[in-house]
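Please read them beside the model.

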Amino acid sequence: MTAKCSRAGCGQRASKLIEWANPKIHLGGRTKTWAACDDHLGYLVDYLAARNFYLGTRDFEAKHD
């Protein structure tokens, strides 16, 4: 399975997963995940960090390429 970058309009293959949560709506430890290509990783992390939503980044590991 190949994941594509979550940045609007980007069709590149994801290399990282970004975990985030909005504490006002994601209760009980619930988190969301965005996929990111190398080109948009910084943009997406900065976007989430500016809102205090960013939790961490990990490598994307495709199970079925």
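1. Cys 37 has a relative accessible area of 1%, so this residue is buried (buried means under 20% relative accessible area, exposed over 50%, partly exposed in between, with a 1.4 Å probe and protein chains only). Cys 5 also counts as buried, at 7% relative accessibility.

2. The model is predicted: local features need pLDDT of at least 70, side-chain atom pairs count only at pLDDT 80 or more, and totals for chains, interfaces and linings use all residues. Residues are numbered from 1 along each chain as its sequence is written, and side-chain values use heavy atoms, with hydrogens and water left out.

3. Zero disulfides turn up in a search of the whole structure (a disulfide is a pair of cysteine sulfur atoms within 2.5 Å). Cys 5 is in none, and its nearest cysteine sulfur, in Cys 37, is 3.8 Å away. That distance is too far for a bond.

4. One helix and three strands make up the listed elements of the chain, in the order β-β-α-β along the sequence. Both kinds are DSSP runs, numbered from the N terminus: helices are H or I with at least four residues, strands E with at least two.

5. Of the 65 residues of the chain, 29% count as buried. The C-alpha trace spans about 35 × 25 × 20 Å along its principal axes.

6. Among contacts between residues at least 6 apart in sequence, 56% join residues at least 24 apart; contact means heavy atoms within 4.5 Å.
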